[in-house]
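This briefing goes through one chain, topic by topic. Keep the sequence and the 3D view open while reading.

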Amino acid sequence: MEWVRQLPLAQGLAVMFVIALLRGNATYWVGRGAAAGVIRLGRNRPPSERRQRGRARAEALIARWGVLAVPLSFLTVGLQTAVNATAGALRMPLRRYLPAVAVGAVLWAILWFTAGLAVIGAAIELALGSPWLLGAVLLTALGIGGWLLLRRARRSRERVGQ
């Protein structure tokens, strides 16, 4: 990805936008295809009425409100794949999905071309210059993340116990 960092701003943003757009749409279609396969496999036995109602509700929900989840997921790490696949699996209409994924791709391109690649470049330079310092930074970040998760879980247990 070093070559992307060498590009002028407009070209770099365009490359990153296309990458995000292609990946988001590919994930959508994988989710849609997987859902179609599951539906075909399930044709041998009739779905329960409850399952049909649940699926119809989920499809209506993602069709109406899920469009907001798509662009916001591009601001996270890891969540965007799940959201795009779910949008495909629940057959979010393309007239809603395509604009949402385009907005998300713009956000992702700006985030990664400006800050993301700089952070990756700094981490590579740090690793080459001082691998021990990079290890310490990563362990510190993992420790803080673990501490935050434990704190959140403890608070959740306390709320349930009340």
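**Contacts of Met-92**

Apart from neighbours within four places in sequence, Met-92 is in contact with Tyr-28, Arg-32, Ile-62, Gly-66, Val-67, Val-70, Ala-87 and Tyr-97. The model is predicted. Its chain has 7 helices and 0 strands, giving the pattern α-α-α-α-α-α-α along the sequence.

**The nonpolar core**

- The largest nonpolar core has 16 residues, and Val-70, Phe-74, Met-92 and Tyr-97 touch the most other members.
- Two or more residues of this core come from each of H2, helix H5 (79-89) and H6.
- The most come from H6, which gives 7 residues.
- In soluble globular proteins, nonpolar side chains tend to be buried together.

**Helix H5 and the residue after it**

- Which residues of H5 are buried? They are Gln-80, Val-83, Asn-84, Ala-87 and Gly-88.
- These residues lie on the same side of H5, because they cover an arc of only 135 degrees around the axis.
- An α-helix has 3.6 residues a turn, so residues three or four places apart point the same way.

**The nonpolar patch on the surface**

- Trp-65, Leu-68, Leu-72, Leu-75, Val-103, Leu-107 and Leu-111 make up a nonpolar surface patch, and together they have about 660 Å² of accessible area.
- Helix H4 (66-73) and helix H6 (94-129) each supply at least two residues of the patch.
- The largest share is that of H6, with 3 residues.
- One patch member, Val-103, lies in helix H6.

**Leu-9**

- Leu-9 is part of helix H2 (residues 9-41).
- Its relative accessibility is 53%, so Leu-9 counts as exposed; the cut-off for this class is over 50%.
- In sequence, Leu-9 and Thr-114 are 105 residues apart, while their C-alpha atoms are 8.8 Å apart in space.

**The chain as a whole**

- The chain has 162 residues, and buried residues make up 22% of them.
- Of the contacts with a separation of 6 or more, 76% are between residues 24 or more positions apart.
- The chain exposes about 11300 Å², and carbon and sulfur atoms supply 68% of this area.

Methods
Residues numbered from 1 in each chain as written. Predicted model: local features only at pLDDT ≥ 70, side-chain atom pairs only at ≥ 80, totals over all residues. Heavy atoms only, no water. Helix = DSSP H or I, 4+ residues; strand = E, 2+ residues; numbered from the N terminus. Buried < 20%, exposed > 50% of the residue type's maximum accessible area, 1.4 Å probe, protein only. Patch = residues over 30% accessible without salt bridge, like charges linked within 9 Å, V, L, I, M, F, W, Y side chains within 5 Å. Areas by Shrake-Rupley, 256 points an atom, 1.4 Å probe, with all protein chains shown as cover. Salt bridge = Lys/Arg side-chain N within 4 Å of Asp/Glu carboxyl O. Core = buried A, V, L, I, M, F, W, Y, C linked by side-chain atoms within 4.5 Å. Contact = heavy atoms within 4.5 Å. Arc of directions from axis to C-beta.
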